[in-house]
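This note is meant for a colleague meeting the structure for the first time. Please read it with the sequence and the three-dimensional view side by side.

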Amino acid sequence: MEKFKTLEIVQKSAKSSVFHLYLNRPSQRNALSPDFFSEFPKALSSLDQSPDVSVVVLTGAGSHFCAGIDLKSLNSISEPSLSGDRGRGGERLRRHIKALQDSVTAIERCRKPVIASIDGACIGGGIDIVTACDIRFCTKDAFFSVKEVDLAITADLGTLQRLPGIVGYGTAMELALTGRRFSGPEAKQLGLVSGVFGSRQEMDEGVRIVAEGIASKSPLAVIGTKAVLLRSRDLNLEQGLDYVATWNSSMLLSDDLTEAVSAQIQKRKPVFAKL
């Protein structure tokens, strides 16, 4: 796979279809540079398109998940427009923000499930990223902050849109307006993460078990579950039911279904073809 400046893709076992995507600027606490925003969608697209990949685990190299957007990036954004025309400057900035948003939304475009494995800091842009992930786990030492308000910014890469659906509207409002730091155990209490582990080593093993379990299931059923859940978030109940009926009318009658039923009857593990 392609080499990146800000990311690293690792397959820890040749037999495994679980791939690890590392935010890889540990000396900068994995702060998000301009290079990250161009590389992240490419990395996710390559993982999505590879038939060898079933599940992606997203984590940070070093002691922290992500310290947020690189302050150098913020400085470049805040520089006045070269044209001196405020309208054109504003339009250019809007396009730039939309491009950054699209880089984070690449997580949802990836058909394969993306599991966030969080240790240390998960601040600002880190929250934008993990709220776009499908499942989140952290260590007890992880800490979180919707930090943008302290930098005189309205968070604009997805946190304000995705966090309320995860932790509830009132809690999201409180976290976003105060910018306060909260712990891994509180993140579990709020529903932001599915589990908290005592150490990085315990989390790595726990996430591995979850990821391998998902990877052993029918790839068609897994990508369908992610796609339907994401779509249903924006639909009412009747529309959501209609969408899944249409989805399954094209996907349900697969070899995976036959294999799953046979394996149940024969009391063995099913073996599914790659996607």
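1. Basis. The model is predicted: local features need pLDDT of at least 70, side-chain atom pairs count only at pLDDT 80 or more, and totals for chains, interfaces and linings use all residues. Residues are numbered from 1 along each chain as its sequence is written, and side-chain values use heavy atoms, with hydrogens and water left out.

2. Helix α9. Helices (H or I, at least four residues) and strands (E, at least two) are DSSP runs, numbered from the N terminus. Helix α9 covers residues 219–232, which makes 14 residues. From its first C-alpha to its last, α9 reaches 20 Å, close to the 20 Å expected at 1.5 Å a residue; the expected span is 1.5 Å times one less than the number of residues.

3. Cover of α9. Residues are called buried under 20% relative accessible area, exposed over 50%, and partly exposed in between (1.4 Å probe, protein chains only). By this scheme Pro219, Val222, Ile223, Gly224, Lys226, Val228 and Leu230 of α9 are buried. Their cover includes the helices α3 (86–109), α8 (200–215), α10 and α11, together with β4 (114–118).

4. Ile223 within α9. Ile223 lies in helix α9 and counts as buried because its relative accessibility is 10%. Contact means heavy atoms within 4.5 Å. Leaving aside residues up to four places away in sequence, Ile223 touches Arg111, Trp247 and Leu275. The C-alpha atoms of Ile223 and Lys112 are separated by 5.9 Å, although these residues are 111 residues apart along the chain.

5. Helix α6. Ala172, Leu175 and Ala176 are buried in helix α6 (residues 169–178). Seen down the axis, these buried residues fall within an arc of 95°, so they line one face of the helix; the arc is that of the directions from the helix axis to the C-beta atoms. An α-helix has 3.6 residues a turn, so residues three or four places apart point the same way. The buried residues of α6 pack against α5 (159–167), β8 (182–183) and α7 (184–190). Gly179, with a positive phi near 65°, follows α6.

6. Val196. Strand β9 (residues 195–197) holds Val196, which is partly exposed at a relative accessible area of 30%. Val196 touches Cys138, Thr139, Lys140, Gly184, Pro185 and Lys188, not counting residues up to four places away in sequence. Between Val196 and Pro185 the C-alpha distance is 6.4 Å, and the two are 11 residues apart in sequence.

7. Salt bridges. How many salt bridges does a search of the whole structure find? The search finds 19, where a salt bridge is a side-chain nitrogen of Lys or Arg within 4 Å of a carboxyl oxygen of Asp or Glu. One of them joins Asp52 and Lys274, at 2.6 Å from N to O. Asp52 lies in the loop between α1 (34–49) and β3 (55–60) and Lys274 in the segment after α11, so the pair ties together parts that are 222 residues apart in sequence. Asp52 is partly exposed at 36% relative accessibility, whereas Lys274 is exposed at 60%.

8. Further charged pairs. Arg180 forms a salt bridge with Glu186, with the closest N and O atoms 2.6 Å apart; Arg180 is partly exposed at 28%. Asp150 and Lys147 meet in another, at 3.3 Å from N to O. Glu108, Arg162, Arg233 and Asp234 are linked in a network of salt bridges.

9. Positive phi. Most residues other than glycine have a negative phi, and most peptide bonds are trans. Asn30, which is not a glycine, has a positive phi of about 55°. Asn30 lies in the loop between β2 (18–23) and α1 and is buried, with a relative accessible area of 2%. Ala152 likewise has a positive phi, near 60°. Ala152 lies in the loop between β7 (143–145) and α5 and is exposed at 76% relative accessibility.

10. Surface patch. Leu252, Leu253, Leu257, Val261 and Ile265 form a nonpolar patch on the surface, with about 520 Å² of accessible area together. Patches are made of residues with over 30% relative accessible area and no salt bridge, with like charges joined within 9 Å and nonpolar side chains (Val, Leu, Ile, Met, Phe, Trp, Tyr) within 5 Å. Accessible areas come from the Shrake-Rupley method with a 1.4 Å probe; for residues, only the protein chains shown count as cover. Leu252 is found in the loop between α10 (237–251) and α11 (255–266) and is partly exposed at 41%.
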